[in-house]
Amino acid sequence: WAMLRKQFVIGPVKVNCNVVYSTKTKECLVVDPGGFESEMNSIIKWMKKKHLQVQKILITHAHLDHILGIAPLKKAFPTADVYLHDEDRFMYDAIEAQCKMFGIIAKKKISKLPTPLPLEHNQVLGSDLQDTGLQCKIFHTPGHSPGSCCFYFEEGNSVFTGDTLFKFNIGRTDLMGGSFETIISSITEKLYNLPEDTVAIPGHGDTTSIGQEKLHNLFTQDHTSVNNKPTRGISPQPISGHQCLVCSSLPHFTTSSL
């Protein structure tokens with residue numbers, strides 16, 4: 001058994017799109033395919049060269065930079081199911097309006113996205129992918145958006161945190177459906193219950209770990225404890241850093257093992 005991850009930094013604001021795959025069965029999952037068509041075609045070419053078969057497309061939330069490349073991916077792998085929390089369907093269905101916000105001309109194949117299957121908190125995906133290590137647990141983590149979700153791969157000791165948790169930062173909460181109090185609760189009551197050595201892979205920027213965030217993330221320090229002693233941090237506002245819609249350029253094409 002071996003599970004690997006290939007990361008591509010793509011799209012209008014450099015989202016981390018990840019391909020998680022089994023070297024044994026060649027089955028794979030794609031998390032947040034937010035790239036332009038040309039970028040997605042390059043990823044598809046890489047996957048086909050590896051003889052990978054996409055089984056599921058997992059969407060952490062329905063902001064444009066996380067869903068822009070679903071159509072070409074679904075065309076290349078028509079049997080792949082798309083998964084999204086129902087509370088973000090209103091944004092998913094409004095992809096054309098989101099494209100206009102970015103000045104992107106939405107082609108028909110972009111604007112007519114496949115109907116996603118719903119995600120639920122504590123749901124386990126991948127019962128049909130036995131012996132691959134691709135099973136993951138769903139955490140509904142609203143705050144950045146109403147339907148934001150994180151995907152925890154216990155066997156890979158990793159969690160995809162979307163735009164809920166970044167390295168020493170959190171997702172912005174001033175967008176439609178956002179809530180600072182809710183995102184803090186999502187992080188501290190759900191993500192911070194994972195093992196401290198769990199690798200956290202955000203929607204933008206560098207990887208981190210749950211333990212590092214509990215120690216150093218100033219946004220959550222008022223709500224967590226270190227060595228069983230309450231911590232008192234400042235209360236910064238999430239207006240900078242690697243965040244959805246305000247991301248800076250990042251290096252392309254990095255590879256690591258889960």
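**Glu-39**

I began at the side chain of Glu-39 and found one of its polar atoms 2.9 Å from the backbone nitrogen of Gly-11. The model is predicted, and I read every distance here as a computed value from that model. Glu-39 sits in helix α1, which covers residues 37-49. Setting aside residues up to four places away in sequence, I listed what Glu-39 touches and got Ile-10 and Gly-11.

Next I asked which side chain of opposite charge is nearest to Glu-39. That is Lys-14, 4.9 Å away.

**Salt bridges**

I then looked up how many salt bridges the model has, and the count is three.

Arg-172 and Asp-174 form one of them, with the closest N and O atoms 2.7 Å apart. I checked the burial of both partners. Arg-172 is buried at 15% relative accessible area, because the limit for buried is under 20%. Asp-174 is exposed, at 56%.

Lys-214 and Glu-196 meet in another, at 3.3 Å from N to O. This pair links distant parts of the chain, 18 residues apart: Lys-214 belongs to helix α8 (residues 210-216), while Glu-196 is in the loop between α7 (180-189) and β13 (199-202). Lys-214 is buried with a relative accessible area of 17%, whereas Glu-196 counts as partly exposed at 47%.

For Asp-93 and Arg-89 the closest N and O atoms are 3.3 Å apart. Both partners are partly exposed: Asp-93 has 49% relative accessibility and Arg-89 has 24%.

**Tyr-21**

Is Tyr-21 buried or exposed? I found it buried, with a relative accessible area of 8%. Tyr-21 lies in strand β2, residues 15-22. Leaving out neighbours within four places in sequence, I noted its contacts, among them Ala-2, Met-3, Leu-4, Trp-46, Leu-52 and Leu-134. Arg-5 is also in contact with Tyr-21; the two are 16 residues apart in sequence, and their C-alpha atoms are 6.4 Å apart.

**The six-stranded sheet**

I traced an open sheet of six strands with mixed pairing, in the order β7-β8-β9-β10-β13-β14. Its edge strands, β7 (124-125) and β14 (208-209), each pair on one side only.

Two bridges join β7 to β8 (residues 136-140) in the antiparallel sense, and Leu-125 has Cys-136 as its bridge partner in β8. β8 and β9 also run antiparallel, with four bridges; here Ile-138 stands opposite Phe-151. Between β9 and β10 (residues 158-162) I counted three bridges, again antiparallel, and Phe-151 stands opposite Phe-160 in β10.

How many residues of β9 are buried? Five of its five residues are, over the range 149-153. I sorted them by face: Cys-149, Phe-151 and Phe-153 are on one side, Cys-150 and Tyr-152 on the other. The hairpin of β9 and β10 has four residues between the strands, and Asn-157 takes a positive phi near 55°.

**Whole chain**

The chain has 258 residues, of which 56% count as buried, and its secondary structure comes to eight helices and 17 strands. Of the contacts with a separation of 6 or more, 66% are between residues 24 or more positions apart. The accessible surface is about 11,200 Å², and carbon and sulfur atoms hold 52% of that.

Key. Residues numbered from 1 in each chain as written. Predicted model: local features only at pLDDT ≥ 70, side-chain atom pairs only at ≥ 80, totals over all residues. Heavy atoms only, no water. Buried < 20%, exposed > 50% of the residue type's maximum accessible area, 1.4 Å probe, protein only. Lys, Arg positive; Asp, Glu negative; His and termini not counted. Salt bridge = Lys/Arg side-chain N within 4 Å of Asp/Glu carboxyl O. Polar contact = N/O pair within 3.5 Å; in protein donor to acceptor, adjacent residues only side chain to side chain. Contact = heavy atoms within 4.5 Å. Areas by Shrake-Rupley, 256 points an atom, 1.4 Å probe, with all protein chains shown as cover. Pairing = 2+ DSSP bridges.
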